[in-house]
Amino acid sequence: MSLKIKSNSHFDTISVIQEALLKWYSNNGRHNLPWKVNDIYKIWISEIMLQQTQVKSVIPYYQKFIQKYPTISDLLKAKKNDILKLWSGLGFYRRAENIFKTCEILKKKHNGKLPVNYDDLILLPGIGKTTASAILTFSGNGAYSILDANVKRFLSRLLRIENTTKNNKYLWDYSTLLLPNDKASEFIQAYMDIGSMICTPKKPNCGICPVVKYCISHTKGFLNSNEINKPKIKENNIWVMVLVNSKNQFFLESVNYNGLWRGLYSSPLFKNYGELSDWIKIHNIELNKEHTIWKFVHHLSHIKFSFNVIFYKVKSNKKISLSPDNWYNLSNIEFGMPKYQNKIIDKYKSINDYN
DNA sequence: TATTCGTGGCC
DNA sequence: TGGCCAAGAAT
């Protein structure tokens, strides 16, 4: 591999950068994050939660999770819905499913414990290269480098190459090359901290960067290469039939929307009004003056949903044919709900003086 | 390899 | 204030 860092001696430069990052981290890094503990189980949970999710958003979810499941053996007894409930609101719910799947695998193949070697760990669902490396390195089980969004941005600027997927292999090799064998745990944390605190996406704070001397972008100018490969945001309509009975119970069912919000529960969803119309006919529901409509917009990273919500109070004397098993009191729900459902419930409460 | 997974912080 | 982006992985 050819090193692009400017120096007469590449290997001297590597050790200088290593020391500069470690010293900066020692003085300025994030040392007090709640998952900075010597417990591979807690590190695992934190690393899954932190995938594509900001530290600030993760902290309360992490704390609630660890409070309910302090050890891996506690978690092994959990049901999938228990985990999804703790996850609801955090997003990317496949991660919660993967934690449950991992528990099943650990019970069958690993004596109820997380493996502490790379080859076994990366086979577990939801654990890729960066997550496996972080779990092992932070828990003191080896020295493996990472390439998360922070490191990608930091290294691509340092080397002045485009921050694109086609450079992933080069950046992975470089990330590994720069990793010191001793203090690897501190170093990968320094990697991420400098990315999130100094080498930020917009207006990087080069004035206090410990390796600004070696940064080719700082000398030759930054590449503006982040415009490529941005998936377009689709716009979709979605219809929701919100049914509430006389006991203030909500009719909820498992979400089935092309895999979106899988495993969570919500009021029945429909792709268009026709599907909703068919559904209410089948269940002998007639819309009349008892219903109200509410529209709101709910953004995902790749879809802009325009929600069309019908609130409908079900009277007990009607011939409506709805399964008696799907009515739930909001106070003791044992599964997770998508964020839009919470918005809908909040709206219902504000309309109906619900308590 | 390009998409598909949620939600909220941040400016 | 609307748009960018986040401790990525699976397919």
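**Exercise 1.** Classify leucine 177 by its relative accessibility.

*Solution.* Leucine 177 has a relative accessibility of 29% and therefore counts as partly exposed, given that buried means under 20% relative accessible area, exposed over 50% and partly exposed in between, with a 1.4 Å probe and protein chains only. The residue belongs to helix 10 (residues 168–178); helices are DSSP runs of H or I with at least four residues, strands are runs of E with at least two, and both are numbered from the N terminus. From C-alpha to C-alpha, leucine 177 lies 44 Å from methionine 337, at a sequence separation of 160 residues.

The model is predicted: local features need pLDDT of at least 70 and side-chain atom pairs pLDDT 80 or more, whereas totals for chains, interfaces and linings use all residues. Residues are numbered from 1 along each chain as its sequence is written, chains are lettered from A and ligands numbered from 1 in the order written, and side-chain values use heavy atoms, without hydrogens and water.

**Exercise 2.** Determine how helix 3 and helix 5 are oriented to each other, and which residues make the contact.

*Solution.* Step 1: the axes of helix 3 (residues 55–68) and helix 5 (residues 80–87) come within 9 Å and cross at roughly 150 degrees. Step 2: the two helices are therefore roughly antiparallel, the class for angles over 145 degrees. Step 3: helix 3 contributes Tyr61, Lys64, Phe65 and Lys68, and helix 5 contributes Ile83, Leu86 and Trp87, contact meaning heavy atoms within 4.5 Å. Step 4: these residues comprise 5 nonpolar, no polar and 2 charged.

**Exercise 3.** Describe the pairing and burial of strand 7 (residues 303–314).

*Solution.* Step 1: strand 1 (residues 234–245) pairs with strand 7 in the parallel sense over 12 bridges, where pairing requires at least two DSSP bridges; lysine 234 is bridged to isoleucine 303. Step 2: strand 6 (residues 291–299) pairs with strand 7 in the antiparallel sense over 9 bridges, and tryptophan 294 has valine 309 as its bridge partner. Step 3: a hairpin through 3 residues joins strand 6 to strand 7. Step 4: 9 of the 12 residues of strand 7 are buried.

**Exercise 4.** Where do the buried residues of helix 13 (residues 273–282) lie around its axis, and against which strands do they pack?

*Solution.* Step 1: Leu276, Ser277, Trp279 and Ile280 are buried. Step 2: they cover an arc of only 165 degrees around the axis, so they lie on the same side of helix 13. Step 3: the face turned away from that side carries the exposed Lys281 and Ile282. Step 4: the buried residues of helix 13 pack against strand 1, strand 2 (250–251), strand 5 (269–270) and strand 7.

Definitions and conventions:
Axes fitted to C-alpha atoms, helices over the stretch in contact; angles between N-to-C directions. Parallel < 35°, antiparallel > 145°, perpendicular 65-115°, else oblique. Nonpolar A, V, L, I, M, F, W, Y, C, P; charged D, E, K, R; others polar. Arc of directions from axis to C-beta.
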